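Here are some questions and answers for a reader meeting this structure for the first time.

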Amino acid sequence: MRVLVCVKQVRALGDEVEFTADGTDVDPDYLDAALNEWDSYATEEALCVREAHGGEVVAVTCGPKESEAALRRCLAMGADRALRVDGVESHDPLCVARALAEVVREESPDLVLCGVQSSDSVQAATGTALAGLAGLPHVAVVTKLELGTGSARVHRELEGGLLDVVDVDLPALLTIQTGINQPRYANLRAIKQAEQVEIAVRQAGDTAAGSRVRRMFVPSRGDAAEMLGGDPAEVARRIAEIVRERVA
Amino acid sequence: MSVVVVAEHLRGEVREVTHELVSAGESLGPVSVALIARDPTPLIAAVNVEGVSEIVTLAAGADEFESDTYEQALEALIAERKPRIVLVGFTVNAMGYASAVAARLGLGFASDVHQVSLEGDAVIATRSFYGGKVDAEVEFPGAETVILALRPTVWAPAEGVGSAGVSSLDLSLSPARARHVEFLEPAAASDVDITQADFLFSVGRGIGDADALPELEALATRMGGTLSVSRPVVDAGWMPSSRQVGQSGKTVKPKVYLALGISGAVQHLAGMKSSGTIIAVNTDPEAAIFGVAHYGAVADLFDVVEELEKLY
Amino acid sequence: MARNPKHDILFEPIQIGPKTMKNRFYQIPHCNGFGSEKPLSQAYFRATKAEGGYAAVSTEYCSISPESDDTHRMSARLWDDEDIKNLSLMCDMLHEYDCLSAAELWYGGPHAPCMESRCVPRGPSQIPSDFEYLTYAIEADKDDIRHLQNLYVEAAKRARSAGFDIVYVYGSHSYLPQQFLTPFYNKRTDEYGGSFENRARFWRETIEQVKEAVGDDCAIAVRMSTDMFLGEAGTQLKRDCLPFVELVDHLVDVWDINLSGIAEWGEDATPSRFYAEGRALPWQAAVKEISKKPVLGVGRWTNPDAMSDAIREGKLDIIATCRPSTSDPFLPKKIEEGRLDDIRECIGCNVCISRWEIGGPPLICTQNATAGEEYRRAWHPERYTPAKNADNDVLVVGAGPAGMECAMVLGKRGMRRVHLVDANDDMGGTMRWIPQLPGLGEWARVVNYRKIQLDKLENVEFIASTSLSAKEVAEYGAEIVVVATGSYWATDGLNGASHDTIQGADASLPWQATPDQLMGEGKTLDGERILVFDNDGYFMGVSVAEMFASAGKKVTLMTPLGNVAPYMHFTLEAPNMHRRLHSLGVDIVTYHLPSRFEEGAVVATHVYDEHGHEKTWEADGVVLVSQRRSNDSLYRALKDEIGLDGLKAEGVDALYRIGDCEAPRLIADAVFSGHRLAREIDSPDPSIPLPFRRERRVVDPAFVKAERGWYAEQLAGAV
C-alpha cells in the first residue's frame, strides 16, 4: 500500500511585520518556519495505515530548499521516502495542486492524505484541487479513517461537531483534520537519521498561477470597533442579537 | 456581471451562510442561487429572499452533500451560464468541492474571503494570511470565472421574501464515488476544552472577586457559551488555567468572543484576536481590547450582565 | 518591538532634590545578605538592576553605628572608612549606568540585638523589642539623643564620601525615628514624647541636621510606615503620618511610603497568598495628596499597566520595587522595549525574604536563579555564553521547574537540539497543581514564564504525554541525558521525625491520600472530618488544610513540630495563615506524632510524653504530608541497570539528574539546580558545581605580621 502525504513548510508571523519591496508578501526575516500542524496529523495517519496494512509512506512538498525541513520531520516520524517539487513560488493553491498532480501521476498512490488547511494561508483548497486534477474520489475534513478493501469509511466533521459518515472508493484523497490521532514524536536518533536521507527533487512543469496577490498589508483595526451605544439594557440586547446571529 | 451562489443545506434546512452569500453577491451583479439536491423543491422557499434574481434547481445525487455531485453539477452550471463569479461559503462542504472545480476548469479561486470588489472588469478579493495578521488583495488575471469561498458571518444575511423565478438544469451525472451514509451526533465533552467552544464568555480582573463566578458561568451556559478567563483570574486562584485564554494559556478562535472586564493585555490578545466576532465591554474607553474588538461598549460589566440575565 | 505609549509615563525623568532620576523605576532598599562585607557581590547585584534600566538603586538597611547591629541578619554598614571604600564600589558601578545610588541609613534600637558588636542600643524608652525579645534599649537621655542624631549626620557624610546620591533618614518598620513617633515604643514624658509635635521632634531634628550636613549634594529621602496596624498605640496615617508629612515636607526631597511595623512586616512585603499587587497604594496616595514632593512606594509591582495607572492617577510618582526587581532586574528595559512576555514576574512567595529572616544567607529567588549569583558565579540574568560543547543533543526527562529551567538555559546557550519530554499533557510537573492551592495562583508564573521562553527557542522541542522507559531514554539519540523526574509525597507515613513509616499509613486506601493524589490525580476524600498529618514544615500541609476547611470539612492539622509550617514565619506568611486557619475552625494539634492510622481514627502520642500515652482523633479521611521522596527509578535504571557503559554504547556520553529527583527541595532550589547544570554543561564535570567566588578575607604573611604586631602592642604593659 503506498500512501502519499502532501505536506507544507508553513511560515508563522510574530508580532512585528515588514513587507517585501514590491509589497506582495512579508519579508522572510519576519517569518518562522515549521511543519504545518495539520500535516503532522496526516503523516501520523499515513504511518498508522502502513502499520496496519503494510506498504510505504511517501512525503512530498512543493517549495524551495528550506522547505525540506518539513520533509525531514516526516522522515523522522517514520516516512519511508520524501520528494520535493521545486519551482512553485506562488501562494496559489491551484498552482501547488497542479505540481502535486504530476507527482500523483508518477507515484500512483493507493491513498493521498493532505492536511485540511495550512496555518499560514488557510485556503483549505490544495488537497481537494489535487483530487480534482488527479481524478481521485475525495473527502475533506476527515476525523476518522477505516480502510476496507476497495473503499474506506470515513467521518467528515461538520460545523458544530456533527459527523458525516461517508464511504469513499479507493484510491482516494482525504484531507485530514487535527485531532484525528496523536502524532508520534520523533526522537533525536530518528531526527539525526532523517538528516542523512536523500530527498528526491523534481522541477514543477506548469508553474503559471491563476490568482495573484497584488498587495499585502496590515489591516487597520484601530477604530474598527463598532461602539454599541445606549444603556446597559440596549447593550445587552445587541450582544444577545450578535451571539444569536454569529453562533450558527 | 453575473453571480451564482451555491446554496448550502443540511438535513432539509438551508444554512444561514447561503443568505450571507446572496447579500455579498447583490453588490456584484444579478444573483442566481443554485440548489443542488436529490429533490431541491422543498428548499426553494428558504432561498427565495430579497436580492435573488433567479433560483436554479439541479436535481441530482443524494439528499445530503456529496462531493462528486456538487462538482459535476456546478461544472455543468458554469458551462451553461458562464457566471463571472461563483460564491460559496467557506464551509466544510465547500472545502470538499469548490477548489476541485476551479482547478479542473482553470478558474480563479480564493477562499476565506472577507471583502470582494470590482475594478472595472476585474474581481478583487481580500483575504487574510499568516494567522490573520495581514490581509492581501488577490486578483485573477485572465480568469473568466472566479470561485470565491466567503468567510461566514462577515456579510449580513439577506432577508425578506424575494420574487425569484425558478428554473432547472437537467443533469446526468456519474455515480458519486464518496457517498453519504448517515450522521452521528458529536460525543459530549467531559472536560471543559475552551478551544472547542463556538462562543466564549470571557471575564477578566474586572469581575472583582471569585464570588461572581458561579453566576457568570451559569449565564454563559444559558447563552450557549463556555466560560473562559484572562490571566489575572487564574493568578488570583479563582479559576484553573485550563480556562485561561492567552499566550501562556490557550489560543482560541471561537465564532464569538465576549470579553467582559478584560483590558486586553498583549498576552491575552495573542490568545483570542483571531476570533470570528469579538465583543468587548469595559469601563475604560482606552482599553486595548477595543482595538481588536468588532463591537465594543463602554459600560460596567455587571450592569450589562444584569441585563443579559433578564434576556436568558 | 516598540514601547506601548501607555507606558511612556514610566520613562519620564523626575527631579528629586539636587538629583534627577532618568525614569520612574526605583529599587527600594532591600536586603540581599551581602552588606558591606561582600562588596563585589553587593555591587554586581545592584548594578545588574541598573543595567536593566533602573534609575535609582538603594542599599539594604545600612547601619550607622555598631550600636545598630542586626547580626545574625545581614545589613550594610557605614561605620568607618573601610566601609566607605567597600560601598563606593556599588556607587561607582551604578553610576556607570547613569543610575542613582541610595543609602538607607538605619539605627534599629532595641530591634537590633548587637550579637556581633556587643554594644547596647538606645531607644526612646526602655522596652524589650517585640521582634527580638531578649534585647532591651537604653532609655536615651538628652545627651544620648544628641549622640544618636550625630550618628546619623556622620553616617550621612560617610555616605556622601562613598558616592551615594540619596541619603535616607529611615524610620519604617519601627526603627529608631519611627519609634520616637509611635506611642507603642515612646513612653517619654519630656519634649521628645507625648504630643504629636514632641514625638515627631527627634525625627524632624535628625532630618534637619542630615539635610544641613549633606543636603546640597545628596537628596534626602524619608521612609515612613503610614500605618502599623496596631490601632491607637501604633503609628496611624491621619494622626501621625500625614501631619508629619506636612511638618517636614519642606526638608524632604523624596518620600518613601510603606506600611506596617517590624513584627508583622508581611503587611508591607505582602505575600501573593494574601494580597494582590499595589496594596499600599491608598496610603501612598494619601501622602501624595498633601505632599509637594515626589512620592515613591512598593507594592510588588509587576504589571506595567497598573504602574502607569498609579502615576497617571496621581497616586505615586515613582514605582519602587524590591521583589520584582530581584525576579527580573531587567523589568524596566523589557517594558521599554515592549517585550512584556519576557518579564519574569515576581510570584510573591517571599523565599527571598525568608533568607534574611532566617539570618545570614544571601537571598535566592524562585523565579530568578541568578539572583545573588551575579558576581559569585558570574551569572548574568539575560546573557549566556555559547556552550563549548553545543554540538550535542540533549534529552531532558521531566518538565517540572528544574527540567524547564534546564532546557531553557541549554536552549539559550545554543545546544544543537534539546528535547524536553514529560508524561503529562503540559509542562509544569507539580507546579501544574500547586498554584491551584488556596492563594497560590500567582505561583503559576513560574510555569507561564518558562513556557513562553521555551516556545521561542527554536532549538528546544517540548514533547508532551510521553513516558520514556530507561531503554527508550538510552536509545533516544541524545548525547546528554538529564533526568528531572521530580518527587512524590510518601504514601506510607515515612517522616523526618521518626525516620520511619507509620503503621496503617497507606495512601492506596480510599480514605487516605497524599497531596499528589488529591491535586494531581483528582482523588477525593469522603466524609466530614479530615486529619492532615504534616511534618513538611512549609506550605503544603496548611494549604491542604485550608482547602478542605474552605469546602466545609472539619479539619485537624497535626504535626510533631511545635509550630505548624515554621518556614512560613520566614516568608512572612505565618500570621495571616494562622488567622485564616483559625477563622476556618481548623484544629491545630502540635507536638503529636501518629502511632497508627485506622479506618475512622488516628491514634497519636505527644512527642515529649515519656510514657507514650495514646490519644485518638476521629477522622473520615487522612492526608499524608509527612515528607517527599525522589522519583528516582528512571535514574537508577539508567545508572545501575543499563549502566554508564551501556549508555555509552548507545551514544549517551553523559547522564545527570537535577531537582527533586536528586533530593526534594524548595522550588527555588529546583530551578537553581536546572539552571546551574545548564550553565556548567560544558565544564569538565558538570555533575559537580564549579567553585564560586566566596569573598572571604584571605590572610597573607605581611598582614598577619602587622596584626600580630598590633596585638602585641595592645598587651604591652599587661601583667
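Q: Which residue of chain B meets the side chain of A:Arg214 in a salt bridge?
A: The model is a predicted one. The two side chains meet with an N to O distance of 3.0 Å. A salt bridge needs such a distance to be within 4 Å, and the partner of A:Arg214 is B:Glu137.

Q: How many salt bridges are counted between chain A and chain B?
A: Chain A has 78 residues in contact with 77 residues of chain B. There are also 35 residue pairs in polar contact between these chains, both residues being at pLDDT 80 or more. The count of salt bridges between chain A and chain B is six.

Q: What area is buried between chain A and chain B?
A: Carbon and sulfur atoms give 58% of the area buried between these two chains. The total buried between chain A and chain B is about 6,700 Å².

Q: Is A:Glu159 buried, partly exposed or exposed?
A: The side chain of A:Glu159 meets that of B:Arg15 in a salt bridge, at 3.4 Å from N to O. This pair crosses between chains: A:Glu159 lies in the loop between β8 (151-157) and β9 (163-169) of chain A, and B:Arg15 in the loop between β3 (13-14) and α1 (17-26) of chain B. The relative accessibility of A:Glu159 is 28%. Buried means under 20% and exposed over 50%, so A:Glu159 counts as partly exposed.

Q: Where is C:Tyr608 found, and is C:Tyr608 buried or exposed?
A: C:Tyr608 forms a nonpolar surface patch with C:Tyr591 and C:Val607, and together they have about 320 Å² of accessible area. C:Tyr608 is found in the loop between β24 (601-606) and β25 (614-618) of chain C. Because its relative accessible area is 65%, over the 50% limit, C:Tyr608 is exposed.

Conventions. Residues are numbered from 1 along each chain as its sequence is written. Chains are lettered from A and ligands numbered from 1 in the order in which they are written. This is a predicted model: local features need pLDDT of at least 70, side-chain atom pairs count only at pLDDT 80 or more; totals for chains, interfaces and linings use all residues. Side-chain values use heavy atoms; hydrogens and water are left out. Patches are made of residues with over 30% relative accessible area and no salt bridge: like charges are joined within 9 Å, nonpolar side chains (Val, Leu, Ile, Met, Phe, Trp, Tyr) within 5 Å. Accessible areas come from the Shrake-Rupley method with a 1.4 Å probe; for residues, only the protein chains shown count as cover. Helices (H or I, at least four residues) and strands (E, at least two) are DSSP runs, numbered from the N terminus. Buried means under 20% relative accessible area, exposed over 50%, partly exposed in between (1.4 Å probe, protein chains only). Contact means heavy atoms within 4.5 Å. Buried area is the accessible area (1.4 Å probe) that two parts lose on being put together, summed over both. A polar contact is a pair of N or O atoms within 3.5 Å; within protein, one must be able to donate a hydrogen and the other to accept it, and residues adjacent in sequence count only if both atoms are side-chain atoms.
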